[in-house]
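Have a look at the model first, and then we'll start with a charged side chain.

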Amino acid sequence: TGVSVWPRPLSQLRDFLLVYNRMTELCFRHCVCNLNYRLLTGREESCLDACAGKLVHANHRLMSAYVALVPALMQRRASDYGASTVLAAPSSTQEGSSAAPD
């Protein structure tokens with residue numbers, strides 16, 4: 001049972017780190033233009049803050065939309081699964097009844 005607990009949190013951590021790394025790289029490439037100094041300039045720092053803020057805000061909006069859609073998707077999958085099992089059941093009984101007279 002211990003094995004089934006770890007994959008999901010590790011997958012979520014991996015996804016978070018991928019998003020974080022992509023965001024960091026995108027904002028760095030967009031905002032930092034001079035690597036001759038050890039510290040960021042005020043302009044670079046404010047650009048990074050704005051860039052990261054925009055991406056975090058966009059990510060929150062996407063996650064909110066996803067969370068709102070999940071119940072409808074689950075309901076649709078459940079109804080599709082139910083319909084496929086109902087359709088499969090009569091065909092198997094018909095095959096069984098046609099095979100019996102032979």
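Predicted model: local features only at pLDDT ≥ 70, side-chain atom pairs only at ≥ 80, totals over all residues.

## Starting with the salt bridges

Asp15 has a partner in Arg14, and the two form a salt bridge whose closest N and O atoms sit 3.9 Å apart. The limit for calling a salt bridge is 4 Å.

How many salt bridges are there by this rule? The count comes to two. Besides the Arg14 and Asp15 pair, there is one between Arg29 and Glu25, with the closest N and O atoms 2.8 Å apart. Arg29 and Glu25 are four residues apart in helix H2, so about one helical turn separates them. Arg29 is exposed, at 63% relative accessible area, while Glu25 is partly exposed, at 42%.

## The overall layout

Stepping back, the chain has three helices and zero strands, so read from the N terminus its elements go α-α-α. Two of these helices come up again and again below: H2 covers 7–31 and H3 covers 42–99.

How much of the chain is buried? Of the 102 residues, 7% are.

## The nonpolar core

The largest nonpolar core has six residues: Met23, Cys27, Cys31, Val32, Leu48 and Cys51. Helices H2 and H3 each put in at least two residues, and H2 gives the largest share, with three.

Setting aside residues up to four places away in sequence, Val32 touches Cys27, Leu40, Glu44 and Leu48. Cys27 and Leu48 are themselves members of the core.

## Two disulfides, and one cysteine left out

There are two disulfides in the structure. Cys27 pairs with Cys51, and their sulfur atoms are 2.1 Å apart. The torsion about that S-S bond is about -85°, so this disulfide is left-handed. Since Cys27 is in helix H2 and Cys51 is in helix H3, the pair ties together parts that lie 24 residues apart in sequence. Both Cys27 and Cys51 are buried.

The other disulfide joins Cys31 and Cys47, again with sulfur atoms 2.1 Å apart. This link is left-handed too, with -65° about the S-S bond. Cys31 lies in helix H2 and Cys47 in helix H3, so here the parts tied together are 16 residues apart in sequence. If you number the bonded cysteines in sequence order, the pairing reads 1-4, 2-3.

Then there's Cys33. For reference, the cut-off for a disulfide is 2.5 Å. Cys33 counts as exposed, with 73% relative accessibility.

## A buried glutamate

Glu44 deserves a look of its own. It sits in helix H3, and it is buried yet has no salt bridge. Which side chain of opposite charge is nearest to Glu44? That would be Arg43, 8.3 Å away, against a salt-bridge limit of 4 Å.

So what does Glu44 touch? Leaving aside neighbours within four places in sequence, its contacts are Cys31, Val32, Cys33 and Asn34. Of these, Cys31 and Val32 belong to the nonpolar core, and Cys31 is also a partner of Cys47 in a disulfide.

## Further along helix H3

One last stop is Ser79, also in helix H3. Ser79 is partly exposed, with a relative accessible area of 40%. A polar atom of the Ser79 side chain lies 2.9 Å from the backbone oxygen of Arg76.

Note on methods: Residues numbered from 1 in each chain as written. Heavy atoms only, no water. Core = buried A, V, L, I, M, F, W, Y, C linked by side-chain atoms within 4.5 Å. Buried < 20%, exposed > 50% of the residue type's maximum accessible area, 1.4 Å probe, protein only. Contact = heavy atoms within 4.5 Å. Lys, Arg positive; Asp, Glu negative; His and termini not counted. Polar contact = N/O pair within 3.5 Å; in protein donor to acceptor, adjacent residues only side chain to side chain.
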